[in-house]
Every structure is written in C-alpha cells, then in structure tokens.
Amino acid sequence: MDFSICIPVYNYKLVDLAKELIKQSKLISEDFELLIFDDCSTINQLKEENQSLKIYPEVQLIESEINIGRAKARNYLIEKAESENLIFLDADTYPRNDQFVKDYLAALKNYPVVVGGIQYKEEKPTENFLLRWKYGHAVESKTAQIRKAAPYQSFMTTAFAIRKEIASQVQFEGAITKYGHEDTLFGIELKRNRVSIQHIDNPVYHVLLEKNTEFIEKTNHGIENLVFLQKADFVKMDLSNEVNLLRFHKRIKKFKLEFFFAYLYRKHKKWLLGNMNSQQPSLKIFSLYKLAYLSFLLSKE
C-alpha cells in the first residue's frame, strides 16, 4: 500500500472531497486507500450520501455505533491504515489545487510530519458567519514561512501528513472528547519527542463556516479543554509555555488581574457576545472574551 488518506467525519457530506482525493490519487498510484471514520453521525440523509462512496474499491467506510470523539477517531484510523504514509484531512475541507496529494507525498519522503496550511475563500459571508471567517483569515491562514517560525504551535489537524510509525508512537489524547486543542497537545507531544515538522504551502480551503453562535460555543469547549488539560496528569509540561491564551492568563494573574477579567465575563458577557454577533465583529473583543472566560473558569476553582 503506497499511501492511506484518513478522514474522520461527523454529520457532514464529504462525497465531493472524497471523489477529488480519489481522482488525484489514481494519477499517482492504484495502490492506495481512503479510510473514512463516521463518528456516529445522527443525520441519516448525510450518512446515506456518504455510504454511496462504498462503490469505490479504495474506500473503507467505518461507521461507529457510539460517538468516541475526534482524538480517538484519528487514533483508530492510524491503527487501521495499511500504509506507512498517512494523509489526514478534516471532512469540511477541500484541496486548493489538483497536486494536493502528490505534494504531500513528495514532502513526506523527506520529513516525518508535514503541514500544508489552511485558507478561507475571499468572498465575505453574511453577518451570521462573519466572526469565523474573519478569525480564519487573520489567525489561521498563514504561509509556510510564517508557520515555520513556530512549527509546533502551528500544527493543525485540518490537513497534515505523517508517517504511521510516528503517529502510532505519539497518538492523539483519547481523554479529550470535546472539541478543541487535541491538535495543540499533539503538537506538544511531537515537540517533546523531538519529531521535526515541515511546513509547506499546500493548503486546503475550510469549506464549512460555522455560525457565530456555533463558533463561540466551540471556542468555549476549547477553553474548557485547556482548563482540563492544565490539571491532567498525562500532560508532561507547562502548557502556558505553549498556548498563547494560557500565557496571557499567567501574565494577568501575576499582576493580580485575574478576578477583574472574571468579573468582566460575568457582568459584560452580553455586550461581548453582542459585538461578536454584529456586522463588524472585533477580533480584539473576541480575544478579550476568551481571556475573560478562561479567567472566569479558573477563578471558580
């Protein structure tokens, strides 16, 4: 088996993505597989549409009877893959160019882990989706040159390639069941194990934009995960050295400002959310909200 493409999915139609990956892959080799792990999706129409991919001999669709979370889903795909060369994508992405698979495999010959980056379409969405779009453009869409300045902090599971030996050794932390920061912890583990990461310009588009309310909810889950990880015995290092939000919190705590930010969340949450759901959401306000929510959670302990 020359390579395995691995996609975890939950309540999303990935037929177009799968067809594009199969088309690109067949130009490279006939000896590949496309592994899809459906993490107990609940929308039957989407499940049926994805099941149509079974007509392709290269596709293996694994349908879980229980929701196990993104980290365990990726670990299952790592174990199931027959190739040493693995390419992971999120279901709600799409390759920017028709050399996507080829470019990842070429880089993987020389490096154990390769990250290609993420981009967002230039077309401005409606107000309900604006916060996610602005954040994606400003924070996540970075060239390889920029990402190389902080290679481990810039690791993202949106799309990456990895050798199976390394993925099996490091693995994703199965204790993380909510959305958020499983990629942060994986990047930290790569760093701790001294596994080099190569960043290249081979991005995917993030196709599905969450509504502002959904993105804020996911952000909350991510911050709650940070609090959980800070106390977890399996985390072998101080996360405030690796995660900017925790680093800022450590700084305000040093100057005894933690309770001020916790108060800000309690008393002005409605105003903060109002800005983030407006026609002109401020990313500075969004950053302030995240720091305030983190301070609120930690002040309760």
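Hi everyone, let's begin with the inside of this chain: 52% of its 301 residues count as buried, where buried means under 20% relative accessible area, exposed over 50% and partly exposed in between, with a 1.4 Å probe and protein chains only. Please keep in mind that this is a predicted model, in which local features need pLDDT of at least 70, side-chain atom pairs count only at pLDDT 80 or more, and totals for chains, interfaces and linings use all residues. Residues are numbered from 1 along each chain as its sequence is written, and side-chain values use heavy atoms, with hydrogens and water left out.

Now the overall build. The chain has twelve helices and ten strands; these are DSSP runs numbered from the N terminus, helices being H or I with at least four residues and strands E with at least two. Its radius of gyration is 20 Å, close to the 19 Å that the globule rule gives for 301 residues, so the chain is as compact as a globular protein of that length. That radius is taken over C-alpha atoms, and the rule is 2.2 Å times the number of residues to the power 0.38. Along the principal axes, the C-alpha atoms fill a box of roughly 60 × 40 × 40 Å. Of the contacts between residues at least 6 apart in sequence, 80% join residues at least 24 apart, contact meaning heavy atoms within 4.5 Å.

Let's move to helix α12, residues 283–299. How does α9 pack against α12? Helix α9, residues 212–231, packs on α12 at an angle of about 45°, with the axes 10 Å apart. Here axes are lines fitted to C-alpha atoms, for helices over the stretch in contact, and angles run from 0 to 180 degrees between N-to-C directions. The two helices are therefore oblique to each other: angles under 35 degrees count as roughly parallel, over 145 as roughly antiparallel, 65 to 115 as roughly perpendicular, and the rest as oblique. On the α9 side, the residues that meet α12 include F215, I216 and I223, and on the α12 side they include F286, Y289 and L297. By class, this contact has ten nonpolar, two polar and two charged residues. Nonpolar covers Ala, Val, Leu, Ile, Met, Phe, Trp, Tyr, Cys and Pro; charged covers Asp, Glu, Lys and Arg; the others, Gly among them, are polar.

Helix α10, residues 244–254, also meets α12: their axes come within 10 Å and cross at roughly 65°. That makes α10 roughly perpendicular to α12. L245, L246, F248, H249 and I252 in α10 meet K290, L291, L294, S295 and L298 in α12.

Next, have a look at A262, which is found in helix α11, residues 258–276. A262 is buried, with a relative accessible area of 0%. A262 and A292 are 30 residues apart in sequence, yet 5.3 Å apart in space, C-alpha to C-alpha. Beyond neighbours within four places in sequence, A262 is in contact with A292, S295, F296 and S299.

And what about α8, residues 182–192? Eight of its eleven residues are buried, so α8 is largely enclosed by the rest of the structure. Its cover includes α3, β6, β8, α7, β9 and α9.

Last, some backbone angles. Most residues other than glycine have a negative phi. N11, in the loop between β1 and α1, has a positive phi of about 55°. Q171, in the loop between α7 and α8, has a phi near 60°, and at 34% relative accessibility Q171 counts as partly exposed.
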